[in-house]
Amino acid sequence: MSETNNKFEAGIKSNALKAPQRVVFITPKTSAQVKERSDRQLMSYPHLMLRELIAFEVLTILLVVVALVWDAPLEQLANPLLTPNPAKAPWYFLGLQELLHYFPPLVAGIVIPGFVVVALVVIPYFNVNIKGEPVWAADRSRRFLSFIASVGLLLVFLGLYRAWTVLVPTVAIAGLTIVSFFQLKRPHRLITFLQTRPLSWWVMTWFIAVALTLTVVGTFFRGPGWSWVWPWR
Amino acid sequence: MSDVLATTIAGRPEESGRGEIGRRDFFNAIAAGAFGIAGLGALVVTYRYLLPNALFEPSMNFRAGTPDLYPLDSVTYMPDQQVYIVRTADGFYAVSAVCTHLGCNTQWKPEANLIACPCHGSKFKSDGTKVEGPAPRSLPHFAITLTPDGELLVDKLETIKPGQALRV
Amino acid sequence: MKRRDLILFLIIPSIAILSSCQHKPAAAPANPLLNAYDVEQSSTDPQRLIPLNYQQAQGKRVFNNNCVWCHADSTPAGPSNRSNLTPTPPLFTDGETFNSLSDDLMRNTITLGGSAMGKSAIMPPWGQTLTPDEIRAVLAYARAVAQPPYKASARPASQ
Amino acid sequence: MTAKKMGEISTRLRAIFALVSVAFVAVLAVSPVRDFFQSWKRYEKNYVSYAQTRPDTKRLLADFHPGIDQIWLPEMRVLDRCTTCHQGISQTSLSDASVPQPFRAHPAIPHDVKKWGCVVCHRGQGPATEISEAHETTLAWEQPLLPIRFIQASCGVCHRADLPQTPKLNRGRELLSQLNCSGCHHLQDIERPAMLGPDLSNVGNKLTRQWIYKWLKEPHTVVDSSGNTVVDGYETVEEPRMPQFRLTDPEIKALSAYLTTLKGQPIEPAKFDQGVVASLQKSPDLADQGEVRFRQMFCTTCHSLAVTQGDETKLIGGNIGPELTKVGSKINPDWLVAWLRDPQSYLPHALMPRYRWSDQDLYKVTQYINTRLTDPELLSNVPPLEEPAQEEIRLGQRLFLEKGCASCHVIQGVSPQKDFGPDLAILGSKNVSQLEFGNSSIPRNIISYIQAKITDPLSVNPAARMPQYRLTPTDLDAITTALLGMTGSPANSSLARLIVPRAQGAFHPAGAFGELSDRYKCAACHRFNGDGGNLAPELSFEGSRAQRQWIMDFLKNPQTLRPTLIFRMPQFNLTDQDASVIADYLGMVTQSAAVKLSAVDQKQFTPQMAEMGKQLYEVKYQCNACHTIGSAGGYVGPNLSNAGNWLNAAWIEEWLKNPQALVPGTIEPRRSLTEQEVQALTAYVLTLKQKAPGSAGTTAGGAQ
Amino acid sequence: MTTEEMLNRLRATRAWMSIFRRGPARTNRTRSLAIFGNVFLHLLPVKVREQSLRVRATYYLGTISFFMFVVLTLTGIFLMFYYHPAAPQAYLDMKDLRFVVSNGVFLRNMHRVAAHIMVIAVFWHMFHVFYRGGYRPPHEFNWAIGVVLLLLTLLLSYTGYLLPWDQLAFWAITVGTNILSSAPFVGPQLRYLLLGGNLVGENALLRFYVLHCVILPLLAALLIAVHFWRIRKDGGLTVGESNERDK
């Protein structure tokens, strides 16, 4: 059944150690026996096609409804002499603009976004933790210490720049990470879930939390002079 | 997309019960019909969308100044409007300066007393009557009236029969 | 599951259709004074303000320039000349005198003067001093401020 | 799993697909349907059905074109689609008020509505085809329809010169200039005069610290408890030009201390001829004599006094100079004498004429002012003020700049702050987003902003330095109109062609007449070729109108020609030589090209013609309705009793033919007189002669 | 059934056959041929795992992103009929779309909404794929293409932001390009290049227009094709695996 899916071809020059192609993971809990996948195969045509068509229709319906009730904004004619206060970038750049409020332009405008993009591109080429092992799975105390140290450094750095809107989600995520470190007697389902997360999951979650916070703050909570305002006021 | 529709309509499994088939056909017909309506509607809407509702073109009627600007028996070309204002003993009339052949701008040749088209050699009399050349028709006359404050008003949207001159 | 889908499919288009009938805010009730070009105090009731439109306001201007000297009791420069005249000209707000006169008669009197209409010659003709528009405007103003109020006859005013 | 299953889709999925497809079509159809029922289409349909009910249906429908109707003025960047709904805008048959909007015709205005469109005057969003978008403020358009009562602002955008049709706008501009708004603000076309408030370099010699304190606290003669300006219980509308600043008591003390120290030029004690003083001092009615002289010289033409008649107290007099009811309690008597002798030596730009006083007159008048125009209670609520301390003076000096006093008042050696108040020259074209409303609860539109800012500056900005003005609602609307009309220089040159500029004429005659004009400030009241005051007759063509001898006599003993006028020409006590200089200048320079003095020969007028003219004057044209001869006649036109000595024959003829051609806007109606009638009337008027003018003061009376 | 007969007769015509070259897709073979034989569909695999069709598996985020791209292309082409990339005219065109063009405001709204949804969908898609481990070998290159597509999406949306030439557009672009110019060494030059000058002006509008309507969509379309092709070549979507591990 899965002859095309997980086929592992060892070419002449291929080196499984250098470029591992996953066949199957063998953990202490599982056996090396290859099970047939439980999933069935369906013809793309018509199954995929029809579902995509329905998805397209549903999406278009939603789009049209929004387009009918919400008018695309149009402000006054561009006037280079009259700067609105605050002048805001498109919403997806407001996270960046919020960063620029705290950090020098070089850091916030180039270093951080550049680092994020480069990191995203190179993630798959570093074969760290290919198994997706939970972060506290091994070497617990050493890892915990280095985690505390790096988070502490980060917080000090953010605190120095008074970057509160970055600091708060960082503290929140770090707190969750620390919670997941401790083994509870009657762990909650959420805790159990967190405890099985690998480091990459935590980094990504931290990134999303920070990016989301920054964007939301930049979009809704920033008023004239980039001061803090409440959106309902 | 039509392929998918064709399949949903045509793809009938033989072993299923008749009621099931009937329902499937019904749904298929609805879906196909909906798509058909959507397609036709999209065509109509696209046509309506592409049809401009407001034009930014120069006005089709213009003021040509007071009648005393034009000497008797003269042909005056209005370069901005592509119209000749002709004054004869009968009165005023406005002749289109656009050749009826392929739309070139004609020129008034006072020495020959003719309106000539530089593109393909059509020639017209000063009242627009075709003399020779490939042009299929004489030059049309536009409606010309006098405004309350005494200026000539030419309406290029309204063509009139030749021979109706405005007496001032 | 199926029923839920069905309801969903019915709701979405109905929302869409409802959205097309977006509520248009009703126009605020027009306050005649707020939308007036100018206002004039009523001659009988100083508390009451009479809204004037553009034409009537222009009439007021012409009146205050040319007519006020004989057809009102006070002028921009002080007391008027009215008491000095025999026969005493009617006040411009005198509806009892003017309301019964037709627009044409009023206009002709202003244009051609009193003597031309068989009235006192102390009313000079204004036809060469004021434009027909200005005379119409003065008349419109007098009609607007008349006490008792002037009611136009059923026949529409000729232009 | 069979191959069939792999390719077959379930009925449920098909059902979902069918339902979603139906919903898809339904939702997609909404926008086209909505498009079909647009409001402007509805109005067009309504117009057609309304036209069916009108008597001239055929003509109305012939002019009706379905679809978007637009007026496009590319050089003005104006796009106007208002006529899409306002279909009847230029249909004269739809002009009466019973026609429902939006179909009613526009009242007749000097501009062609179909050519200029609507938004040029009414503002609003021209391209819009929806009611709210066109008329109201939106995110994309912050210039909503101008309320009709401010519509004259739009006239002012192009017509920078005053128009007779726009009294409200003219009044607003006049107020902006009168209230010295240009002291702190840059305003369009309202020039900052050479001097706004008095020069204070010498004020310490003129005033006491107590009085300055009182004035800064209440810059009105008397203010009642509710803050209204009152004179002995009578509320006046004339605002003193000095507005009320919000000053704290220490600030007022400091400023008064500072100003008291300003004694640039010592005032010499008043010197009168000892004989004059001695002879007059004893007379018991000295002040009464002074009052008579005060009135004879028509001081009240420029200055007002509170006069109580019965229960009513009124300010009587002009507002060119300050109100004088209590001035005797204000000023240093020595300063008064010096000022009256030569106002310009104290204030170079003062409008006050330099009279040729005799010592007697001056002594009498100053005695009158110092003893009668007083109020012992005036300074009663001023706290005791000691000698100014150095600290106070320093603080006062600082405050003088900070509070903007220096913007209107000159003190030698003190230069005012640049751009003290905001530039208002383009206020009218500003968007709401450009206005600082602060946290106020004012509606967010420019009209509310302007009115709130003027009536209560603190309501908009708690830190505002702008003083408080008290304006009547009419004046407030007038000022708002004028400010809304200030939209700055036009965006492009083709628009600039439309601007009718404000005449910036300046009347600066040279030579001997120039000196006299400077001394007697003729242009303060009279207008010469577009420049000057509006108080007295325009003198641009006086040389054509009046005979030289009459001018001389008039200057030496001014008599009023129009009994209804309150304001009279003051008596300047001119010498014969001065009078002849003025008469010569007027005779030579102020000539109208239309009047050819030499063309009319006095001899051509016969007594028969004069007799016929008398008939015409008294019977046919009833000129006596407006003009007085002797003691009978109307008050509207000038008194003609002495017209034969006054007017030139050629002027009378031209005047009778077409008065408006000589003096535009004059009241005298133009009548269709035959040449013969003109001659006859001229002949008659020339016979109207009085004996040599009577002694001074015979014509007192009238309104005073 | 007359419609069916008519359809069948139509399918039997030579013209139909010349275009589609096959009969109705009633067997799995013909269904496979329908995918193979179509220049667009052949980017897709012939068969897909049932698991990957489940809504919860992918939330159709990639599909949504792609459809948004399609909708944006279509509405964008229509909007171009009424758009002049010139300074005040661009803004006036917005007004005309709003007030006189039939369905103009609807199309503009659609375009705007779809742009926002596409940005959100692409971000969400990326996060979702990351949590699913979809970046792991052999999908690493497709992940990189995805990251590039994310950047292209942002750029498309950003360049489109200027086109209405209103205050919002002008200042968003001014702020945005100033962020760019803070880059060391190349920043100011890059901004100069992007704006075609030192200010956000006519040149910038034209450049953004060309980028928004020609360069970036073509690039995105190309990469989307590669992205799809790669999914098929890398053995389908990464779904079901984390579930499997949880078991």
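User: Where is A:Pro46 found in chain A?

Analyst: In this predicted model, A:Pro46 is found in helix α1 of chain A, which covers residues 44–69.

User: What kind of peptide bond joins A:Tyr45 and A:Pro46?

Analyst: That bond is cis, and its omega is about 15°.

User: And C:Gln147 to C:Pro148, cis or trans?

Analyst: The peptide bond from C:Gln147 to C:Pro148 is cis, with omega near -5°. C:Pro148 lies in the segment that follows helix α5 (132–145) of chain C.

User: Next topic, backbone angles. What is phi for A:Trp226?

Analyst: Phi of A:Trp226 is near 55°, which is a positive value in a residue other than glycine. A:Trp226 is located in the segment after α7 (199–220) of chain A.

User: Is A:Trp226 buried or exposed?

Analyst: A:Trp226 is buried, because its relative accessible area of 10% falls under the 20% cut-off.

User: What about D:Asp189, what is its phi?

Analyst: D:Asp189 is not a glycine, yet it has a positive phi of about 65°. D:Asp189 sits in the loop between α9 and α10 (203–206) of chain D.

User: How accessible is D:Asp189?

Analyst: The relative accessibility of D:Asp189 is 23%, so the residue counts as partly exposed.

User: Now the interface. How many residues of chain D are in contact with chain C?

Analyst: On the chain D side, 43 residues are in contact with 37 residues of chain C.

User: What area is buried between chain D and chain C?

Analyst: About 3500 Å² is buried between the two chains, and carbon and sulfur atoms give 62% of that area.

User: Which residues of chain D lose the most area to chain C?

Analyst: They are D:Arg34, D:Ile667 and D:Arg670, which together account for 14% of what the chain D side buries.

User: Which elements of chain D give two or more residues to the side that touches chain C?

Analyst: Those elements are α2 (11–36), α9 (167–178) and α28 (607–620) of chain D. The largest share comes from α2(D), with nine residues.

User: How does that side split by class?

Analyst: The side of chain D that touches chain C has 24 nonpolar, 11 polar and eight charged residues.

User: How many salt bridges are counted between chain D and chain C?

Analyst: The count between chain D and chain C is zero.

User: And how many residue pairs are in polar contact there?

Analyst: Across the interface of chain D and chain C, eight residue pairs are in polar contact, with both residues at pLDDT 80 or more.

How values were computed. Residues numbered from 1 in each chain as written. Chains lettered and ligands numbered in written order. Predicted model: local features only at pLDDT ≥ 70, side-chain atom pairs only at ≥ 80, totals over all residues. Heavy atoms only, no water. Contact = heavy atoms within 4.5 Å. Buried area = accessible area lost by both parts, 1.4 Å probe. Salt bridge = Lys/Arg side-chain N within 4 Å of Asp/Glu carboxyl O. Polar contact = N/O pair within 3.5 Å; in protein donor to acceptor, adjacent residues only side chain to side chain. Helix = DSSP H or I, 4+ residues; strand = E, 2+ residues; numbered from the N terminus. Nonpolar A, V, L, I, M, F, W, Y, C, P; charged D, E, K, R; others polar. Buried < 20%, exposed > 50% of the residue type's maximum accessible area, 1.4 Å probe, protein only.
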